[in-house]
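The following note sets out points for a colleague reviewing the model. It moves from salt bridges to chain interfaces and then to selected local sites.

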Protein chains: 4
Amino acid sequence: MVSAEGGGSRRQIDLNADVGESFGPWTMGDDERLIPLVSSVNIACGAHAGDPATMARTVALAVAHGVAIGAHPGYPDLAGFGRREIDMSAADLEASLIAQIGALEAIARSQGAALRHVKPHGALYNRAARDAILAATIAGAIVRLDRRLVLVGLAGSALLAAGRAAGLDVRAEGFADRAYEPDGTLRDRRRDRAVLEPAAAGAQAVTIARDGRAAADGAAVAIAAETICVHGDAPAAVATATAVRTALAEAGIDVRAP
Amino acid sequence: MVSAEGGGSRRQIDLNADVGESFGPWTMGDDERLIPLVSSVNIACGAHAGDPATMARTVALAVAHGVAIGAHPGYPDLAGFGRREIDMSAADLEASLIAQIGALEAIARSQGAALRHVKPHGALYNRAARDAILAATIAGAIVRLDRRLVLVGLAGSALLAAGRAAGLDVRAEGFADRAYEPDGTLRDRRRDRAVLEPAAAGAQAVTIARDGRAAADGAAVAIAAETICVHGDAPAAVATATAVRTALAEAGIDVRAP
Amino acid sequence: MVSAEGGGSRRQIDLNADVGESFGPWTMGDDERLIPLVSSVNIACGAHAGDPATMARTVALAVAHGVAIGAHPGYPDLAGFGRREIDMSAADLEASLIAQIGALEAIARSQGAALRHVKPHGALYNRAARDAILAATIAGAIVRLDRRLVLVGLAGSALLAAGRAAGLDVRAEGFADRAYEPDGTLRDRRRDRAVLEPAAAGAQAVTIARDGRAAADGAAVAIAAETICVHGDAPAAVATATAVRTALAEAGIDVRAP
Amino acid sequence: MVSAEGGGSRRQIDLNADVGESFGPWTMGDDERLIPLVSSVNIACGAHAGDPATMARTVALAVAHGVAIGAHPGYPDLAGFGRREIDMSAADLEASLIAQIGALEAIARSQGAALRHVKPHGALYNRAARDAILAATIAGAIVRLDRRLVLVGLAGSALLAAGRAAGLDVRAEGFADRAYEPDGTLRDRRRDRAVLEPAAAGAQAVTIARDGRAAADGAAVAIAAETICVHGDAPAAVATATAVRTALAEAGIDVRAP
């Protein structure tokens, strides 16, 4: 949902990407080309991806391009890339989240930068969208660490509700390159046409940003999003981000971090 | 080396221990009994020991007993417990140190506590005592992160020289329970009588704190230490720390963080 | 369930323990004292516990005491000690199990020993007791690797059913030191009196071995077990194993691997 | 050095590549296209690269293309990709090597395949080329596990000498795509022109295979190699392997595992 500033027709939206997901000798994504195209980045914190040297390089890129830096913590599971649920206790998860965010915050601080937001990754993000107890653990960890951090989560999710209940600023996220179901959830990646082509992603970014809705099997579904994600790990990530930027520009919508 | 306050005979010294070296289901040391006996603790940061939940429990113990909290970063090598040298690049090591210290700092902050010092662990500590380039990398990492952190290292070491050169406050460390060689280095652990019994450790703590020296094969060696370490991972750690406290008290020396 | 040999009153049962669960510098259990008291050991394979050097030392102990060697694979999760469920794909889990068993098998072979059985660990064991699909994945991995390996699982479990269906020899396990519920499941560790004292464990071992039953809240529950586990990671492990051996000896039951 | 069979002009050489170096979600190399071009593969064993599922997929590719399968063990250091020396004890390293080779052997066996050779990776390979004690540890580990495995190492290295002394069959390796120094060592990767272009690699493969020599700064250096490596992790790996195959074919040299 864009903010109409002043009352004129100029609108803006935040565009975010998950970055810093390389590890040691292994590269994922093309952060050098993707980061200049977005206004916010979510940087992996070493648990599901992103060793410290990768974190440092990614922060430096974000600083160089003036994009807002956020933490992207996940389940501690490199081999599973944080996409597998792990049955962690609340105490273990809370400590892990604080350590992950703290590691990135220190790397940012050592480069003169600050963290602005936190967006959980993968299975943690997905489960927290529907599991109120897990969502409260995540929100609580952020409150304990730094209540100025903005919590980013799926529009309409239990995670955002938990963040609001804990007193955090929250930011609802929509997806440019993922198909929605009529109930507002994301179509399962394993289903057909779950991932949109660049042109379709650009069009969906515009309808989300301008109209607060996306198409879902022909019908319209309301998506009240303040930030739009383009996935950094997809082969077409740069093409998608470019198409999204172009479509937003043509629709008169600025890309800008809140 | 004690500070004589006022000019009276009352003196003081910092007593420190390496703690938080458990990992997951595995326990090392008896932190609950050891922490009340010292004035400063060095907490493992997850790379050579200490998962986030262990870090959180250890910080809570330190807060409860009012001891000064420091970070104890090491080479990222759980199986080797940070005791094996790893040929890391300066950039990788710097990023690792900042991430480790940052993770602990965040956990401390989430409990209302702050970090006061940094003491490298194991092979990193030993190598930085004699390798000026490594020492400069460590000092540089701390300067980039937070120049208010005090760097703790072996009395007379290259690490302390690098810290001073980088503008950091440094703190020279002596050892209560380790035998010294006539040249002021520590006797190799694999040699006979390298580790002192509790009573001998108590006596050595007193001569270091009061007189700035230790006995080495009958001769005296100068040890200009502002903090004295009792090892937390030794089976006799609690007995040693108790003996050291008793001996210092009998000698009229207070145990207190600077 | 004991085998009455010949028809006389002399009976026998296998007694097993989970061992080799140390990791790097961290010790768990007292394998040197426990292994001589049992007839079979299940050795951790490096995923939830047990680095290669620990595996080698544990195999050497087992060889020295002439006990049967089995693999004890678990979820790849050191920090969680294999006690947290991880949502692994069947392909990932199968490959992990084969790699874990293979690593231990190679270490045993390099010492002139052979593997005899496989017993899953922790969350994998518990979930496979009731989840037929997971159980089939485990049984299938063993069949693909070496169908002479015996699959050890909870008496009456889905795991044993899957093993039989896959053509494996299976061995039903009972527990000396854990309380049973009237339905034959183990009482949750978090409940009161879930873990039995040494004397009670000895008595339960005898009723399982001799009579095929255990007491559960006053009633008797049938436990058709061919091997009895004493836990190696409990502080009282050696005392419990000693009490169990004494009680079995007094009841005229030999401890022997099948 | 090729074997002239019969006395005619038809010669043969083994062409090998390091493969299976992906990990979890991260891909390295293009094994699907590279494996059909070589006669032997060295598969990472999970310590420096290669999780179990990756190992299983890579073995399946090798089986499908009929290439000889070997183990490619390295220092246990994912973040450093086995390229950093780690100061491991001989006992720790021996156990690690046996566990790594055993894990891969089990995965191969579960697919009906067998291991034929072992080639150390990265810092382990390089250090064992000049460190006789390390070389003896590696050779000893293989002897303890399975003395039928062939040890592959740098032509003229301490590793091959240790293998021969331990009674192993050894195989001397040359490099198609790396420049040699006049003393027969490889030019440091950080120097100019250390890595050869595809055409030059093809030409060097031919001189090594046919003439037992390579060019080094204009002079000729003797390279007595029975297998030639093309690097799998280089961006140009497939192009290089293709050029090498073409050049060898034009020179009448067959590519075949011994």
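Which residues are linked with A:Glu85 in a network of salt bridges? A:Arg127, A:Arg130 and A:Asp131 belong to that network together with A:Glu85. A salt bridge here is a side-chain nitrogen of Lys or Arg within 4 Å of a carboxyl oxygen of Asp or Glu.

1. Basis of the values. This is a predicted model, in which local features need pLDDT of at least 70, side-chain atom pairs count only at pLDDT 80 or more, and totals for chains, interfaces and linings use all residues. Residues are numbered from 1 along each chain as its sequence is written, chains are lettered from A and ligands numbered from 1 in the order in which they are written, and side-chain values use heavy atoms, with hydrogens and water left out.

2. Salt bridges within chain B. Over all chains, the search of the whole structure finds 80 salt bridges. One of them joins the side chains of B:Asp18 and B:Lys119 at 3.1 Å, N to O. This pair links distant parts of the chain, 101 residues apart: B:Asp18 lies in strand β2 of chain B, and B:Lys119 in the loop between β5 (117-118) and α4 (122-128). Helices (H or I, at least four residues) and strands (E, at least two) are DSSP runs, numbered from the N terminus. Both B:Asp18 and B:Lys119 are buried; buried means under 20% relative accessible area, exposed over 50%, and partly exposed in between (1.4 Å probe, protein chains only). A salt bridge of 3.1 Å, N to O, also joins B:Arg144 and B:Glu94. Here helix α5 of chain B supplies B:Arg144 and helix α3 supplies B:Glu94, 50 residues apart. B:Arg144 is partly exposed, its relative accessible area being 40%.

3. Interface of chain B and chain A. In this interface, 19 residues of chain B are in contact (heavy atoms within 4.5 Å) with 19 residues of chain A. The two chains bury about 1,500 Å² between them, 64% of it on carbon and sulfur atoms. In chain B, the residues that lose the most area to chain A are B:Arg109, B:Ser110 and B:Arg144, together 29% of what that side buries. Buried area is the accessible area (1.4 Å probe) that two parts lose on being put together, summed over both. The rule finds 2 salt bridges across this interface, and a salt bridge joins A:Glu105 and B:Arg109 at 3.6 Å, N to O. On the side of chain B that touches chain A, α2 (52-65), α3 (90-109) and α5 (132-145) each give two or more residues. The largest share, 11 residues, comes from α3(B).

4. Interface of chain D and chain C. The contact takes 19 residues from each of chain D and chain C. About 1,500 Å² is buried between these chains, and carbon and sulfur atoms give 64% of it. D:Arg109, D:Ser110 and D:Arg144 supply 29% of the area that chain D buries against chain C, more than any other three residues. A salt bridge connects C:Arg109 with D:Glu105, with the closest N and O atoms 3.6 Å apart.

5. Site of A:Asn42. Is A:Asn42 buried or exposed? A:Asn42, in strand β3 (residues 40-44) of chain A, counts as buried because its relative accessibility is 1%. Its side chain makes a polar contact of 2.9 Å with that of A:Asn16 and another of 2.8 Å with that of A:His117. A polar contact is a pair of N or O atoms within 3.5 Å; within protein, one must be able to donate a hydrogen and the other to accept it, and residues adjacent in sequence count only if both atoms are side-chain atoms.

6. Loop residues of chain D. D:Asp217 and D:Arg187 form a salt bridge of 2.9 Å, N to O, between their side chains. The pair is 30 residues apart, with D:Asp217 in the loop between β8 (213-216) and β9 (219-222) and D:Arg187 in the loop between β7 and α7. D:Asp217 counts as exposed at 55% relative accessibility, whereas D:Arg187 is buried at 2%. D:Arg193 is likewise found in the loop between β7 (170-175) and α7 (198-211) of chain D, and is exposed, with a relative accessible area of 63%.
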